Amino acid sequence: MNLWNETKSIPVSKQQVWEAYKKVRANHGSAGVDQLSMEEFDAQRSKHLYKLWNRLASGSYFPPAVKEVEIPKKDGKVRKLGIPTIADRVAQMVIKDYLEARFEKLFSPNSYGYRPNRNAHQAIEKVRQNCRKTDWVIDLDIKGFFDNIDHDRLMLALQKHVPEKWCLLYIKRWLSMPVQTQSGELI
């Protein structure tokens with residue numbers, strides 16, 4: 001029996017948090033609403049990661065607000081993106097890493113969006129191969145998908161594939177976390 005089984009209610013290990021941190025670190029993301037840069041996070045890395053692990057493993061982790069930033073598009077409009085704090089990105093990566101292999105088995109081999117070890121060049125090559133076999137191609141991009149998805153239906157779909165209540169708990173919390181606009185307003 002592992003020590004976390006004796007003291008923690010959720011099976012998140014320090015090793016999972018460490019592995020997730022290394023992936024987040026490699027992405028070189030910017031600071032979230034806490035204004036904590038990666039360099040500042042690293043200056044007290046042990047403290048931050050222990051606190052995150054302790055909260056994740058006990059069920060007491062609540063994500064902070066997401067920082068909204070506007071990215072200009074070529075057509076003059078802006079795309080709004082949410083920037084989580086570094087600690088929250090690590091927490092999200094823990095759950096992603098835990099669930100990803102399970103969901104990968106469900107996807108079509110012809111699906112390339114947001115998939116590990118897949119990129120646009122591979123997708124184009126797959127389209128070339130498939131054009132030799134069939135007369136049609138489906139290019140699917142739902143505008144504003146993540147802004148408009150029904151959270152209750154999403155949770156119902158997740159429950160079919162995720163029996164772990166602790167994963168669903170954190171996903172639900174992420175879906176309901178506020179966004180801090182550039183003016184400082186929480187939505």
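Helices (H or I, at least four residues) and strands (E, at least two) are DSSP runs here, numbered from the N terminus, and two strands pair if DSSP finds at least two bridges between them. This is a predicted model, where local features need pLDDT of at least 70, side-chain atom pairs count only at pLDDT 80 or more, and totals for chains, interfaces and linings use all residues. Residues are numbered from 1 along each chain as its sequence is written, and side-chain values use heavy atoms, with hydrogens and water left out.

Start with the open sheet: 3 strands in the order β2-β1-β3, with mixed pairing. β2 (78-83) and β3 (179-180) sit at the edges with a single partner strand each, so one side of each has no neighbour in the sheet.

Now take β1 (residues 66-72), which runs parallel to β3 and is joined to it by 2 bridges; valine 66 has valine 179 as its bridge partner there. With β2, β1 pairs in the antiparallel sense over 6 bridges, and proline 72 is partnered by valine 78. The hairpin of β1 and β2 has 5 residues between the strands, and glycine 76 takes a positive phi near 90 degrees in it.

On to the surface. Tyrosine 114 lies in the loop between α5 (86-104) and α6 (120-131). Is tyrosine 114 buried or exposed? Its relative accessible area is 76%, so it counts as exposed (over 50%; buried is under 20%, partly exposed in between; 1.4 Å probe, protein chains only).
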